[in-house]
Amino acid sequence: MIELLETLQPIMLIGMFILMYSIENIFPYLQRPANRKRHYRRNFIISILTFLLNAFLGTLVVLTIELTAKFHWGLLNLLSLPAWVEILLGILLFDFGSYLTHNLQHKIGFLWRFHRVHHSDSHLNVSSSLRFHPVDVIVAQCIYQCIGTALIGLSMTSFVIYGTIAIPLLIMQHSNVKFPGKLERILSLVIATPGWHKIHHSKERTQTDSHYGDVFTFWDRIFGTWGKMQPHQIQYGLDEFNEDKHHKVGYLMTSPFKK
Ligand SMILES: [Zn+2]
């Protein structure tokens, strides 16, 4: 079952991309930009890079998990817990580690230079989901995931279940779609819904530096990094990326190295 889920993840990612692209073009939540074809094209090029890099780095994470299990490294390998508790705790701890890493990507200037490529998008839609600088992908997907899995003693089962939840959620969060009000309110008590995550893409720095959770919202609630805001009242992007030339692939890739 877990092997099947793991095999299906790339298909799930592409399927979700196509589904959300169709929905946001039939029922767009916010008005679409006039230059949306160019916007899709530029982000799509970066998305392919992110996808390929992720596929490669994913093998390093899987190798770390195998080594962790073999040598009984990490917290969960030191405890004798029932299997279901270990799986659940693994998922929660892994998401908490991702929350902490995301905090660092905003607070450490060097990491923010790369992470802001993702935040620079002034129009959120499905193509924004994988608009990441390769160095940002290496920090979040490789350095964190390798260190995190080893410290936690994460099992392959927890890792695959986490990915199966996180991948479709990542695509949904950035798409130009909206959950019905009541569903959004109830789900966002636990899950980082599209409405919840879009606040993280606000131009307003206090909002950008909030709503860090990838899958669960309770880390933000526990540590006070959240606030109430209606996504449609938000202006997306960053002030320093306010011209069209700032959204060209070449500029986005080289911008972290510029003064
Ligand atoms: Zn961020």
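Me: What are the ground rules for the numbers here?
Reply: Residues are numbered from 1 along each chain as its sequence is written, and side-chain values use heavy atoms, with hydrogens and water left out. The model is predicted: local features need pLDDT of at least 70 and side-chain atom pairs count only at pLDDT 80 or more, while totals for chains, interfaces and linings use all residues.

Me: Which protein donors does the zinc ion have?
Reply: They are the NE2 atoms of His102, His106, His115, His119 and His200, at 2.1 to 2.2 Å from the zinc ion. Donors are N, O and S atoms within 2.8 Å of the metal (3.2 Å for Na, K and Ca); water is not among the atoms, so sites may look incomplete.

Me: And what spacing do the donors follow along the chain?
Reply: The spacing is H-x3-H-x8-H-x3-H-x80-H.

Me: Where do His102 and His106 lie?
Reply: Both are in helix H4 (residues 83–107), four residues apart, or about one turn of the helix. Helices (H or I, at least four residues) are DSSP runs, numbered from the N terminus.

Me: Is His102 buried or exposed?
Reply: His102 is buried, at 7% relative accessible area, and His106 is buried at 5%. Buried means under 20% relative accessible area, exposed over 50%, and partly exposed in between (1.4 Å probe, protein chains only).

Me: Changing topic, what is the phi of His72?
Reply: Phi of His72 is near 55 degrees, a positive value in a residue other than glycine. Most residues other than glycine have a negative phi. His72 sits in the loop between helices H2 (36–71) and H3 (75–78), and is exposed at 54%.

Me: And where is His211?
Reply: His211 is in the loop between helices H10 (205–208) and H11 (218–223). Its phi is also positive, near 55 degrees, but His211 is buried, at 0% relative accessibility.

Technical notes
Helix = DSSP H or I, 4+ residues; strand = E, 2+ residues; numbered from the N terminus.
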